[in-house]
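Please look over the sequence and the structure below. The report that follows takes them part by part.

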Amino acid sequence: GDDAVGDGSSGSPYLTIATGITNTAADGTLIIEPGTYAENVTVTKALTIKAQDFGSSGGTAVIMQNLKLNMTTGTDVLSFGETGMPFNIDDLTLTSGVMNIATANVVIAGGKTIIRTAGTINNTPTVTNVNVTYDGADDIAAGAELPADLGTGALTVNITAGKTLTVGSALTANGVTVTTGDVSFADVTSGGAVAIAAGTVSFVNLASDGNVRSEERRGGKEC
């Protein structure tokens, strides 16, 4: 492909995903050929993005770096990887908008991070050993961005003081850190330390193989 002379057609594609997004009208569809793209991609408008399926004659996935959903309008929807070949991505950041995915078609690399400031993701990506961070300025309820089992990954909460993150489902992680903000947990099983620097944190049940440290206050049951 060529960003300078390409026109986005199958015969003359663009080189980069970013240029493809820029030149695809809102509510349009961007089809990406399998391959490796060394890009940090930001989506700011409603789109459908999918990977071309060449069957056995082409690549097996679109491999990219970081993806950020930062819609101009919070209700805009990105339909990502719902058909075609899968996407393998590193960090995923949700800032604004709605992201619809097919779980099997979107894979977050192990050791990488899903960051949610705001916005919504429908369906949990395929993940193994990922970290999840919350850093928003409003009350928020954990959704599909938070897998039930983070494996060797950890949960970090850094929301605005006085705001609350609600985690209504059981969670297994290799550590939990609350830097700022209040958190209401259901059941938590942590293979690492549970560190609470500030805020009010409550657990229905907490089982931790590491230390439980609080610099301020902690409510609910402890192990």
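## Contacts and overall build

This is a predicted model. Start with the contacts in the chain that have a separation of 6 or more: 28% of them are between residues 24 or more positions apart. The chain has 223 residues, and 39% of them are buried.

The chain holds 1 helix and 27 strands. Its C-alpha atoms fill a box of roughly 60 × 35 × 25 Å along the principal axes.

## An open sheet

Find the sheet with the strand order β2-β5-β8-β11-β14. This sheet is open, has 5 strands, and its pairing is parallel. Which strands are at the edges? They are β2, residues 35-37, and β14, residues 126-127. Each of these edge strands pairs on one side only.

Strand β11 covers residues 106-108 and runs parallel to β14. There are 2 bridges between β11 and β14. V107 has T126 of β14 as its bridge partner.

Strand β4 spans residues 47-51. Its covered face shows L47, I49 and A51. Its uncovered face shows T48 and K50.

What does β4 pair with? One partner is β1, joined to β4 in the parallel sense over 5 bridges. Here L30 has I49 of β4 as its bridge partner. Another partner is β7, residues 77-84, again parallel, over 3 bridges. In that pairing, L47 stands opposite L78 of β7.

Strand β17 runs from residue 155 to residue 158. L155 and V157 form its covered face. T156 and N158 form its uncovered face.

Strand β15, residues 131-134, runs parallel to β17, and 3 bridges join them. Y134 stands opposite V157 of β17. Strand β20, residues 176-180, also pairs with β17 in the parallel sense, over 4 bridges. There, T156 has T177 of β20 as its bridge partner.

## The nonpolar core

In soluble globular proteins, nonpolar side chains tend to be buried together. In this model, the largest nonpolar core has 53 residues. Which residues have the most contacts inside this core? They are V43, I49, F80, M99, L155 and F185. Two of these names have come up already: I49 is on the covered face of β4, and L155 is on the covered face of β17. Strand β4 gives the most to this core, with 3 residues.

Look next at F185. Setting aside residues up to four places away in sequence, F185 touches L155, V167, L171, V176, V201, S202, F203 and V204.

## Two buried residues

L146 sits in the loop between β16, residues 140-141, and β17. Is L146 buried or exposed? Residues under 20% relative accessible area count as buried. L146 has 12%, so L146 is buried. Leaving aside neighbours within four places in sequence, L146 is in contact with V132, Y134, L155, V167 and L171. L146 and I114 are 32 residues apart along the chain, and their C-alpha atoms are separated by 8.1 Å.

D182 lies in strand β21, residues 182-185. The relative accessibility of D182 is 19%, so D182 also counts as buried. Which residues does D182 contact? Beyond neighbours within four places in sequence, they are I159, G162, K163, T164, L165, G199 and T200.

## The largest pocket

The largest pocket has a volume of about 450 Å³. Of the 20 residues that line this pocket, G8, P13, I31, I32 and E33 are the closest to its centre. Two elements give two or more residues to the lining: α1, residues 17-22, and β1, residues 28-32. β1 gives the most, with 4 residues.

What classes make up the lining? There are 9 nonpolar, 10 polar and 1 charged residues.

Notes: Residues are numbered from 1 along each chain as its sequence is written. This is a predicted model: local features need pLDDT of at least 70, side-chain atom pairs count only at pLDDT 80 or more; totals for chains, interfaces and linings use all residues. Side-chain values use heavy atoms; hydrogens and water are left out. Two strands pair if DSSP finds at least two bridges between them. On a 1 Å grid over the protein atoms alone, a cavity is a set of points where a 1.4 Å probe fits but cannot get out, and a pocket is an open set with protein on both sides within 12 Å along at least five of seven lines; lining residues have an atom within 4 Å of a point. Grid points are joined across faces, edges and corners, and a volume is the space filled by probe spheres set on the points. Ala, Val, Leu, Ile, Met, Phe, Trp, Tyr, Cys and Pro count as nonpolar, Asp, Glu, Lys and Arg as charged, and the others, Gly among them, as polar. A nonpolar core is a set of buried Ala, Val, Leu, Ile, Met, Phe, Trp, Tyr and Cys residues joined through side-chain atoms within 4.5 Å. Buried means under 20% relative accessible area, exposed over 50%, partly exposed in between (1.4 Å probe, protein chains only). Contact means heavy atoms within 4.5 Å.
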